[in-house]
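Student: I would like to go through this structure by question and answer. Please keep it short.
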Amino acid sequence: MKKIKKVDISLFFTFVHVCQAQADYAPYFFDNGPNSKNGNMALFSIPEDTAIGTQLYILNGTDPEGDPVTFGIAFEPGFKDYFKVDSQTGIVTLIEELDREKQDEVEALISISDGLNKVVEKVRILVTDANDERPEFGNMSFNVNVPEDTPSGRSIFQTQAVDRDNGSGGSVTYYLQNSHNTTFAIDRHNGVLCIKTGEALDYEKSRMHFVTVVAKDGGGKFKGKYQVLSSSATVTINVVDVQDTPPSFVGLPYYGYVYEDTLSGSEVFTVVANDGDLGNPNAIHYSIVSGSDDSFIINNTSGSIMVLDYPIHLKKVLYELKIQASEVSPEGDVVAHAFSIVTIRVVDLNNHPPTFYGENGPQNKFELTMYEHPPEGEILRGLKITVNDSDQGANAKFSLRLVGPRGIFRVVPQTVLNEAQVTVIVDNSEAIDYEKYQFLSFKATDPDSGLWGEVKYSIYGSGSDLFLIHPSTGNIYTQPWTTLDTELKSKYNFYVKAEDTEGKYSLAEVFVTVLDMNDHSPEFNENILEKTMIIGAPVKIKAIDDDAEEPNNVVEYSIMQSDPDNIFDINIDTGEIKLKSYIKSMDIVQNITKQKDCKWSVVVQAKDRGSPSFSTTAVVKIDITEATQLKGPMAAFLFQSRDNPMKALGVLAGVICVMVLLTVLISTAMFMRNKTNNRIMPARHIIKKRPKDYRSRTVRTGWLIFKCSNSPSEKFVAEDPEQNRENLNCNKNMQPTAPLPCAPALPPPALYLPKQNKQEWSVPTVSGSVASKSKRQSRENNSPNVSAALMSELKMKLQRKMMESNTSHY
């Protein structure tokens, strides 16, 4: 009865509990729609630039029985906890920074509980975009080759930048920096770079262009402020030369001179022409088209013009040579040509003074006796004077005058060209008075007064073609067409002649030094340089300025552009590029850049110190790596050889050659040593063909041949058949012949008589049987091989039997 009562009580309590459970309902969230800030976070969104700690939302719900509820929020395993919630108030707060470009929605598990029941719902919170990303180019710099004959308006390259933002913040437009001062234009929508309308490329004017392309987004809000983000990249445009420009002569116009002392075959003048296509120039060949009259020739390759005859034999004073410069392709075809005129004047040197002649030849003194007071105008007929100047042209022109008491006589003519008869006329009869002058003396020359004191200057010589001199002042000038270049030639020398009206002259040599001016820009070996930089060690670049003197050829280096900035330093004098001091590991490098390969491009400028200053730029691509674990000179050599693998291969080939040479020398030395010693080394095996009459030495049954003798000491004589065998190795290693042992005494005669049909006695053979001599010989020839040990044992037995026989005999 007690047991039944207990069961009834338990069933009662169970029934009560079930009734209570059926009456307790679970809590639930309010669904207030997407625009509400409280409820169940349905279709809730949050901007990615929301600050950490911001209260975002209020979870709100109720329990049907009116019990108090608590709230919770959780995330799937492996995901960040972006939010936290106050369990009592339901206020949701941001605790982790959002990034829409990495995760554009967040899944969360929100819960509401009344203490007994708990309801969990999965919600998706959308992360909306803010303009926090700038456009990014695939590379920081681009390199493109464009032929110079590309027509205007033609597209040459397309740049592309990507902005990961949405909406207007993700749209990209393009433009060029300094677009008004460039030859190029860009499509603002697709980034296609083209040659600007009306512009053209010219390799001869500019071989390289640097264009900075800027990409900007459409703008948008970020943390409450409107902003527009942009980035830039450098496009290096290399102008490729094409054959579109004919050759051109340098230093026009051309004037040359042939002086009367010039030797036949001497160089008169040199013309120079260059291919207008400087990037890939063709060879220039020269020829004389016309005007030489077979008096001049020109060197086909150097352009040097030479005179073929002595100047005195030349037919003309002035020659105009038409010179053709032909541009010849590598195949030997003339692809273009140009013409120029070279004017060559035959110049007579004023090196012959006027000479007076009398009736009997040259004469420098003339005398005449006359009466006083002759009539005025009378010719002094007793004087027969001729004057002559053997120079040519203007150099043969001279003046005559009498130098002495004035107004008494005059000379006719006063100006002479080459030669004239000199007439002296009385000009003042009263002055010819015996009481005043018994003698009158006159010259033709007076170097200290009037025209005779004037000096005329002229210039000549092989180096005078580029210069001229003022005939009166002696000032020296360059020819109007002269172009001096100290890099080509910095020193000239020629002769200056100073001559008076009498024809007397002296010569002086003039040396001209051309001073340098800044007319060359620094040049890198290549437009794009590739370097490998080890952290902690610099890389070096170098530009060369072809100017001749300082400071025009002194180069300074600077970094124009790098992305990101403030990473590299450059030595202004040496061009060494190194990382900033705070960059000491690859971890720091990888934190700075988003590029995994750690290759950066740096735009470097090389600028000279001349006035005005010239500069050029180049792109240096730097591959950053850490130092090797190897140490010592071998490691340094390997890293230095990374940019020049042929250097490492050359060193490797040299090491192999040295090893091969040492092997050959050692082998040769060993061979000569063996040949000298005439020995066979233990490690060698010489196999030599046996002679036909060779008998095997393994079985030597006939090593003992017994002879009968009357002398007891000669009963047995042993002979060695090997004694006279030749030395097969042909060396001196002959074994000395061992002395023969003494033969033992003969055993006593047998007690029985031998049979008549058999031999008297026989020697035991190897087999131990008694046989006749003929049988023994045949058995020797046909016996099998017997080892040396068996032979030795047989000899010992024979000696023992002989000793026993001797003992019994005595």
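Student: Is threonine 50 buried or exposed?
Tutor: The cut-offs come first: buried means under 20% relative accessible area, exposed over 50%, and partly exposed in between (1.4 Å probe, protein chains only). Threonine 50 has a relative accessible area of 15%. That value is under 20%, so threonine 50 is buried.

Student: What should I know about the model and its numbering?
Tutor: This is a predicted model, where local features need pLDDT of at least 70, side-chain atom pairs count only at pLDDT 80 or more, and totals for chains, interfaces and linings use all residues. Residues are numbered from 1 along each chain as its sequence is written, and side-chain values use heavy atoms, with hydrogens and water left out.

Student: Which residues does threonine 50 touch, not counting residues up to four places away in sequence?
Tutor: Threonine 50 sits in the loop between β3 (45–47) and β4 (55–59); strands are DSSP runs (E, at least two residues), numbered from the N terminus. Contact means heavy atoms within 4.5 Å. With residues up to four places away left out, threonine 50 touches Leu56 and Leu94.

Student: How far is the backbone oxygen of proline 47 from a polar atom of the side chain of threonine 50?
Tutor: Threonine 50 is in the loop between β3 and β4. From a polar atom of its side chain to the backbone oxygen of proline 47, the distance is 2.7 Å.

Student: Why does the salt bridge of glutamate 76 and lysine 122 tie together parts that are apart in sequence?
Tutor: A salt bridge is a side-chain nitrogen of Lys or Arg within 4 Å of a carboxyl oxygen of Asp or Glu. The side chains of glutamate 76 and lysine 122 meet in one at 3.8 Å, N to O. Glutamate 76 lies in the loop between β6 (70–74) and β7 (83–85) and lysine 122 in strand β10 (residues 118–128), so the parts tied together are apart in sequence by 46 residues.

Student: Why is the pair of phenylalanine 137 and phenylalanine 142 put in its class?
Tutor: Rings of Phe, Tyr and Trp (its six-membered ring) pair if their centres lie within 6.5 Å; planes under 30 degrees apart count as stacked, over 60 as edge-to-face and the rest as tilted. The whole structure holds 13 aromatic pairs. Here the ring centres of phenylalanine 137 and phenylalanine 142 are 6.2 Å apart and the planes are at 70°, so the pair is edge-to-face.

Note on methods. Helix = DSSP H or I, 4+ residues; strand = E, 2+ residues; numbered from the N terminus. Polar contact = N/O pair within 3.5 Å; in protein donor to acceptor, adjacent residues only side chain to side chain.
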